[in-house]
Amino acid sequence: MVSLTHVSAQSPEEIAADWEAARISNVLPSDTRHSDVKRYLDELRKLGIKVEQVGLSNANREIYQMEWGTGPLKVFMWSQMHGDEPTATPALMDLFAFLQKNANRPDVKLISEKMTIRGVPMLNPDGAEMFIRRNLQGIDINRDALNLATPEARILKRLRDDWNPDIGFNLHNQQELTTAGNAPRQAAISFLVVYGDPEKTTSPGQERNLRLASAMTRALQRFIPGHIGRYSDEWTPTAFGDNFSAWGTPTILIETGGLHGRDEMFLVKMNFVAFMTALNALATGSEANESTTPYLALPLNASGILAHVIFRNATVVNAGRPTNGGSVVVAVRQRRRASFAQAFLITSVARDTRLIGLSEFNAAGHYIVQRFGRTREGELAEFFFYKKDRVVDWSSPDLEKEFPPDAVFSGGKFIRGSLPTIR
Ligand SMILES: [Zn+2]
């Protein structure tokens with residue numbers, strides 16, 4: 001046994017450094033394929049982690065479970081039941097790699113003595129391959145906890161029922177424009193302590209999870225203050241998190257959002273810090289002394305506040321005619337793999353907007369022309385900008401060639417020139 005007195009609590013910064021030193025993930029989450037998962041699992045096997053194939057997807061892609069630790073407390077974590085929600089998949093790989101590589105460190109040894117951790121990375125490999133939410137049958141696995149019409153849901157249910165874990169971590173991504181409360185701040189991470197019934201009856205397990213969510217919140221506030229939200233706790237009768245809790249495995253939902261100016265790997269690190277904070281708190285027993293306030297005081301997730309890019313005071317040229325007066329052109333990025341061309345769509349063209357852009361530009365000195373035709377909702381946010389003192393024949397069949405633009409906005413950024421920045 002490891003004596004508690006020899007185990008000093010890791011600071012969140014030390015946990016982050018542990019991730020840097022031990023991580024094996026080397027592909028951005030959104031670019032991570034089933035083949036990468038298999039490659040990571042091979043590496044984990046070589047390190048000595050127990051990895052077991054627990055079933056097949058519709059398209060016969062293998063679904064795996066990893067196991068680490070020997071203690072009595074049963075911790076179960078699963079990721080990417082929604083195929084286009086990838087951040088926690090590499091974070092789980094890095095967690096198991098870290099634990100195994102540091103198995104002899106007193107604090108890690110204590111975790112091993114106190115608990116057994118099972119992790120299922122990429123529960124929906126077919127959806128992940130297509131980078132879509134649903135599985136190959138077009139079913140949302142997270143609405144299939146009762147019907148069990150999908151092989152992936154049946155695997156997840158069986159793994160829970162056969163083992164009856166004490167705690168579950170249900171790992172997802174939310175829209176990257178989700179905000180923490182009504183301030184224009186992205187919710188980079190949101191937590192939800194899931195109740196097991198519509199009446200939100202509390203149990204010792206839920207109370208413990210409230211304290212764990214508070215510990216994770218406090219740890220992440222060291223890195224992303226103001227960017228942590230609380231997910232809606234509306235009861236969803238067919239969802240897995242709710243039913244895991246109802247079946248006896250009180251579950252914590254962790255939703256990774258976006259954080260402007262940070263890459264996807266930073267959010268993997270935030271996941272890792274959250275996981276390790278929870279495991280340490282369980283292992284040392286420090287969770288018992290944790291207040292529930294940090295979690296309960298988190299602002300609720302909100303939406304409808306942010307856009308990715310806003311051009312203000314724009315004079316839009318449509319069908320060869322400049323508009324009178326300023327317009328606001330709002331563009332939002334579509335969810336896709338990092339390595340694929342980034343599509344930004346125009347979501348509104350109006351006199352004004354209440355939205356706030358993660359990036360905003362002042363287009364007062366320019367005409368704005370949509371590259372392929374019209375500046376209107378639903379079109380690609382691909383733009384040419386011309387200074388107002390230019391004389392341009394808007395009817396030219398090849399505008400770009402005959403009248404080279406002063407600035408070109410493409411794929412979510414300026415690839416030529418630029419406009420004054422507002423924000
Ligand atoms: Zn999800």
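**Exercise 1.** How are α1 and α3 oriented to each other: roughly parallel or roughly perpendicular?

*Solution.* The model is predicted.
Step 1: take the angle. Helix α1 (residues 12-22) packs on α3 at about 90°. The two axes are 9 Å apart.
Step 2: apply the cut-off. Angles of 65 to 115 degrees count as roughly perpendicular. Therefore α1 and α3 are roughly perpendicular to each other.
Step 3: list the residues. From α1 come D18, W19 and A22. From α3 come D94, A97, F98 and K101.
Step 4: sort them. Four residues of this contact are nonpolar, three are charged and none is polar.

**Exercise 2.** Describe the packing of α3 against α9.

*Solution.* 
Step 1: angle and distance. Helix α3 (residues 88-101) meets α9 at about 50°, and the axes lie 9 Å apart.
Step 2: class. That angle makes α3 oblique to α9.
Step 3: hand. The crossing of α3 and α9 is right-handed.
Step 4: residues. On the α3 side are A88, P90, A91, D94 and L95. On the α9 side are V268, N271, F272 and F275.
Step 5: The contact of α3 with α9 divides into seven nonpolar residues, one polar and one charged.

**Exercise 3.** Which residues have the most contacts inside the largest nonpolar core?

*Solution.* 
Step 1: find the core. The largest nonpolar core has 83 residues. F191 and A274 have the most contacts inside it.
Step 2: find its main contributor. Helix α9 (residues 264-284) supplies the largest share of this core, 13 residues.
Step 3: follow A274. Beyond its neighbours within four places in sequence, A274 contacts I189, M216, A219, L220 and I254.
Step 4: look for a separate core. A second one has 31 residues, including V309, V330, A363 and F384.

Terms used
Residues numbered from 1 in each chain as written. Predicted model: local features only at pLDDT ≥ 70, side-chain atom pairs only at ≥ 80, totals over all residues. Core = buried A, V, L, I, M, F, W, Y, C linked by C-beta atoms within 7 Å. Buried ≥ 20, exposed ≤ 12 C-beta atoms within 10 Å, placed from the backbone. Helix = DSSP H or I, 4+ residues; strand = E, 2+ residues; numbered from the N terminus. Contact = placed C-beta atoms within 7 Å. Axes fitted to C-alpha atoms, helices over the stretch in contact; angles between N-to-C directions. Parallel < 35°, antiparallel > 145°, perpendicular 65-115°, else oblique. Left-handed = near helix turned anticlockwise from the far one by under 90°. Nonpolar A, V, L, I, M, F, W, Y, C, P; charged D, E, K, R; others polar.
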